[in-house]
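Subject: Handover of a structure and the findings

Dear colleague,

Please find below the structure that I am handing over to you.

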Amino acid sequence: MGLELYLDLLSAPCRAVYIFAKKNGIPFDFQFVDLLKGHHHSKEYIEINPLRKLPGLKDGKFVLSESMAILFYLCRKYSAPSHWYPPDLHKRARVDEFLAWQHIALQQPMSKLLWIKLLIPAITGEEVPDEKTNLVLEEVKKNLQLFEEKFLQDKLFITGDHMSLADLVALVEMMQPMGGDHNVFLNSSKLAEWRMRVELGIGPGLFLEAHDRLVKLAEWDFSTLDPTVKERISQFLQKYKRHEDINHAEDTKKLSDEVKVCGSSAPAMGLELYLDLLSQPCRAIYIFAKKNDIPFQLRTVELRKGQHFSDAFAQVNPLKKVPALKDGDFTLTESVAILLYLARKYKVPDHWYPQDLQARARVDEYLAWQHTDLRRRCLQALWHKVMFPVFLKERVSPELLAATLAELDASLQLLEDKFLQNKAFLAGPQISLADLVAITELMHPVGAGCQVFEGRPKLAAWRQRVEAAVGEDLFQEAHEVILKVKDSPPADSSVKQKLMPRVLAMIQ
């Protein structure tokens with residue numbers, strides 16, 4: 001059989017894949033997986049994708065999940081026009097940067113809006129409290145503003161004069177609240193004009209076809225919803241409520257940005273990396289650059305002192321996150337985008353990001369999955385077990401901590417079963433960016449005292465292979481800070497006030 005795509009066009013990532021394949025004349029068999037009837041949890045579909053998510057791809061015997069990995073795979077295999085994923089180093093980095101950022105900043109809040117505005121009331125009969133609705137609306141407003149200022153700016157499209165994968169993914173995500181009759185384009189003429197350009201680039205007929213199921217969602221008879229799906233939704237709502245079990249301070253006002261970015265005061269020369277090795281993405285970049293003899297100036301941004309909120313750092317990264325890269329006049333954020341930029345610019349050994357179509361797709365698949373799964377679980381474990389009680393002096397309920405550790409355990413099982421399987425490394429016989437990103441994530445809960453490798457001999461053996469491939473001295477150097485995190489002194493009150501809103505948003 002030829003190419004099969006497992007889709008439900010209620011899903012924004014599925015719509016991106018569908019539009020891309022149709023627009024580029026890629027022949028495929030549409031395999032409908034009805035999310036509302038829980039078909040993604042069926043035994044048949046789990047054999048295709050044990051993550052139980054859409055979209056899924058089957059190309060002969062090769063199976064792939066994660067929409068970003070699927071888009072890249074289709075782009076490469078079918079030699080799509082270069083504007084979709086430009087060969088220019090800086091433009092391609094811009095696409096990578098946006099696609100990494102949108103996982104948390106666009107995909108999740110846009111999906112939340114659909115649930116709050118339509119799905120939760122329709123399925124459970126319960127209205128979402130105004131307080132929670134307003135928080136999500138504020139998050140959407142803030143992130144759309146960031147999209148305009150950081151990514152779109154005054155350009156026609158995200159990378160310049162031509163539409164790319166970044167524009168396609170952005171627009172289908174922003175359309176998601178339309179299913180709940182909420183239009184995010186009404187308050188910004190710049191955003192509305194960009195939307196029209198992207199629609200015209202796709203073709204109005206194809207765009208409407210892809211969104212027909214979404215815009216008619218309110219007409220669906222929710223009484224026919226599969227009972228197991230309704231039960232899963234109820235469990236999700238209970239989990240959502242559990243995150244209130246942190247007794248955080250009410251005063252979350254912003255203070256003036258008095259802290260400077262640390263590091264050499266000498267004029268910038270060559271590549272600069274803005275890092276704090278407390279951060280798992282920063283550790284991955286630090287190890288990668290050091291291992292591949294990439295010369296750089298280390299600019300330390302101390303997260304525990306709130307230096308990422310400073311005016312000085314905002315000039316480098318308006319998202320106020322680490323890591324960040326500055327290469328002459330070119331600046332770049334998002335760790336995956338930075339790793340890919342360094343791999344391409346410095347022509348590192350092929351095993352890090354293989355040229356082989358399927359091996360590279362495996363790396364892309366893991367890098368996309370970890371954004372919203374393993375990274376979050378490891379981060380939550382660190383904060384709930386150590387950073388809240390030790391650093392911020394905030395109580396975490398035993399129930400919340402237990403739930404966090406259970407979710408981490410489930411993600412570790414997926415890491416073994418779906419990604420590692422019986423291979424030496426995640427993408428094959430040699431270490432890749434996927435392994436480096438994964439191991440630096442897992443060291444977060446290790447630093448918190450979680451025995452993540454205990455009782456998991458396959459994962460423990462993989463860790464040893466990754467450490468050996470990186471070099472044990474470099475590995476220990478990069479993880480010295482996180483392995484001593486339990487000894488962190490408490491944050492002072494001004495830093496705590498700055499950190500609390502961002503941390504709560506990040507881990508919830």
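Which residues form one aromatic cluster? The cluster is made up of Phe98, Trp101, Phe147, Phe151 and Trp194. Before I continue, please note that this is a predicted model, in which local features need pLDDT of at least 70 and side-chain atom pairs count only at pLDDT 80 or more, while totals for chains, interfaces and linings use all residues. Residues are numbered from 1 along each chain as its sequence is written, and side-chain values use heavy atoms, with hydrogens and water left out.

Aromatic rings

A pair of aromatic rings is described by the distance of the centres and the angle of the planes. Rings of Phe, Tyr and Trp (its six-membered ring) pair if their centres lie within 6.5 Å; planes under 30 degrees apart count as stacked, over 60 as edge-to-face and the rest as tilted. The structure holds 20 such aromatic pairs. In one of them, the ring centres of Trp101 and Phe151 are 4.7 Å apart and the planes stand at 40°, so this pair is tilted. Trp101 belongs to helix H4 (residues 89-124) and Phe151 to helix H5 (residues 130-152), so the pair ties together parts that are 50 residues apart in sequence. Helices (H or I, at least four residues) and strands (E, at least two) are DSSP runs, numbered from the N terminus. Both Trp101 and Phe151 are buried; buried means under 20% relative accessible area, exposed over 50%, and partly exposed in between (1.4 Å probe, protein chains only).

The rings of Tyr274 and Phe313 form another pair, with centres 5.9 Å apart and planes at 50°, so it is tilted. This pair links distant parts of the chain, 39 residues apart: Tyr274 is in strand E5 (residues 271-275) and Phe313 in helix H11 (residues 311-314). Tyr274 is buried, with a relative accessible area of 8%, and Phe313 is buried with a value of 0%.

Two lysines lie over ring faces. Lys150 is over the face of Phe151, at 5.8 Å from the ring centre, and Lys418 is over that of Phe419, at 5.9 Å. A charge sits over a ring if NZ of Lys or CZ of Arg is within 6 Å of the ring centre and within 35 degrees of the ring normal.

A hairpin

Strand E3 (residues 56-59) pairs with E4 in the antiparallel sense over four bridges; two strands pair if DSSP finds at least two bridges between them. Asp59 has Phe62 as its bridge partner in E4. The two strands form a hairpin with two residues between them, and Gly60 in the turn has a positive phi of about 70°.

The cavity

A search of the whole structure finds one cavity of 30 Å³ or more. The largest cavity has a volume of about 140 Å³. On a 1 Å grid over the protein atoms alone, a cavity is a set of points where a 1.4 Å probe fits but cannot get out, and lining residues have an atom within 4 Å of a point. Grid points are joined across faces, edges and corners, and a volume is the space filled by probe spheres set on the points. The lining of the largest cavity includes Met68, Asp96, His103, Asp364 and His371. Helix H3 (67-77), H4, helix H12 (335-345) and helix H13 (357-372) each supply at least two residues of this lining.

Backbone features

Most residues other than glycine have a negative phi, and most peptide bonds are trans. The peptide bond from Leu54 to Pro55 is cis, with omega near 0°, and Pro55 is in the loop between helix H2 (43-48) and E3. The bond from Val322 to Pro323 is also cis, with omega near 5°.

Ser79, in the loop between H3 and H4, has a positive phi of about 45° although it is not a glycine. Ser79 is exposed, with a relative accessible area of 61%. Lys347 has a positive phi near 45° and is found in the loop between H12 and H13. Lys347 is exposed as well, at 69%.

Yours sincerely

Notes
On a 1 Å grid over the protein atoms alone, a cavity is a set of points where a 1.4 Å probe fits but cannot get out, and a pocket is an open set with protein on both sides within 12 Å along at least five of seven lines; lining residues have an atom within 4 Å of a point.
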